[in-house]
Amino acid sequence: MKAIIALFILTFASQSFSFTLNNNFGAAFKNDNVKVSVAGNTTCTGITPEELKSLIKPSISDFWNSVSTSALRLKDGGFSASIANIQSGFLCPPTDSTCIAQGATIPPVKDIIIACNNQAANFSNSSNVLAVTVPNNFSKDKIVGAVILINDTSNAFYSLNRNEQISVIAHEIGHAIGLGHSENQAALMYYRTVDMREKLGQDDVDGVSYLYPVKMDGCGLLGTIEETKTPPFFTTLGALVLMILLSELGRLFKRAKARASL
Ligand SMILES: [Zn+2]
C-alpha cells in the first residue's frame, strides 16, 4: 500500500511543477496585456522583416493566448519604433554590470521586441544557439520589457521551416513572459527540441497560469455571468420558500387555534 502511495506521489510530483521561473530576471509582466512587436529597424540575413513579423500571430494565438486559466493576453504589435544598437549591440540584464560595461547596449524596451542581432557574445559565441531572450527593463520585481534576439551570426534559425520558426518564437516568448526551462519533455519550455512543438504542454499551461492567474471574484467563481445571475435566482427561490413556510405556519396556526376552541 505504501509503495502504491509513494508511486502515486512520485508520478504526481513528476507531472506537476516541472516549469521553472525566469527568476534571475524577475517574475512576470505587471500588465496582463502585452504587445509583441518586431523592431522597426531590424535587418536579418535569412528572413525579411515582414516574414519575421508574420511569425508573431501564430506564436501567440496557437500557444500562450490559448490558455483559459491564464489572464495573459499577448497582442501582435506589428513593427515598433527604431531601437538603438539593435543590430549589433549587447543585450544585458539590468543587473549585469560586466555586460553593460562593454558599451553599445540595447536600451531597455517596453513589452516584447523581436529582432535579429549579429553580436556573437549575446549567443555565447555559438552558432548553434537559435535565439536568446532577456528581460532588460524592470519596475521593482515586475517585467516592463524583454528583447528576443535571433542569432544572425549563423543560419541556425533561418534554416528551420516556418512551423519550426513559430515554435522557437513561442518558446522565446515563454522566457520573455517570465518562464524558465522545463524538464518535462512534452513542454514547449523543454530546453531541447524547441523547434518541434505545435502546442503547449500541460507544464507550460501550469506555468503561465501560475504567473498570470485569472482573477477570482468574491465568491471564488471564475467568470462573471454566474455571479450576476446567481443572486437574483436565489433571492426569488428564497422568497418563494419563505412564502410557502409562512402560509404553512398560518395554516398550522389556524388549525391549532381551531383545536384550542373545540
Ligand atoms: Zn530556452
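Colleague: Which residues have the most contacts inside the largest nonpolar core?

Modeller: Keep in mind that this is a predicted model. Its largest nonpolar core counts 53 residues.

Colleague: Let me pick I177. Which residues does I177 touch, leaving aside those up to four places away in sequence?

Modeller: Once residues up to four places away in sequence are left out, the list for I177 is A28, F29, W64, L72, V208 and L211.

Colleague: How many residues of helix 5 are buried?

Modeller: Helix 5 has 15 residues and reaches 21 Å from its first C-alpha to its last, close to the 21 Å expected. The buried ones include Q165, H171, E172 and H175, and what covers the buried residues includes strand 2, helix 3, strand 4, strand 5, strand 6 and helix 6. Helix 5 is largely enclosed by the rest of the structure, because the number of its residues that are buried is twelve of the 15.

Colleague: Now the strands, please. In which sense do strand 2 and strand 3 pair?

Modeller: Strand 3 covers residues 73-79, and five bridges link it with strand 2. One place to look is V36, which stands opposite D76 in strand 3. The sense of this pairing is parallel.

Colleague: What is the bridge partner of V36 in strand 4?

Modeller: Strand 2 and strand 4 run parallel and are joined by three bridges. In that pairing, S37 stands opposite I113. For V36, the partner in strand 4 is I112.

Colleague: Let me ask about E183. Is E183 buried, partly exposed or exposed?

Modeller: E183 lies in the loop between helix 5 and helix 6. Being buried takes 20 or more other C-beta atoms within 10 Å, and being exposed takes 12 or fewer. E183 has 14 within that distance, so its class is partly exposed.

Colleague: How far apart in space are E183 and D203?

Modeller: Along the sequence, 20 residues separate E183 and D203. In space, C-alpha to C-alpha, they are 9.3 Å apart.

Colleague: Stepping back, what share of contacts between residues at least 6 apart in sequence joins residues at least 24 apart?

Modeller: The chain has seven helices and six strands, running α-β-β-α-α-β-α-β-β-β-α-α-α from the N terminus. Of its 262 residues, 34% are buried. As for the contacts, the share that joins residues at least 24 apart is 72%.

Notes:
Residues numbered from 1 in each chain as written. Predicted model: local features only at pLDDT ≥ 70, side-chain atom pairs only at ≥ 80, totals over all residues. Core = buried A, V, L, I, M, F, W, Y, C linked by C-beta atoms within 7 Å. Contact = placed C-beta atoms within 7 Å. Pairing = 2+ DSSP bridges. Helix = DSSP H or I, 4+ residues; strand = E, 2+ residues; numbered from the N terminus. Expected span 1.5 Å × (residues − 1).
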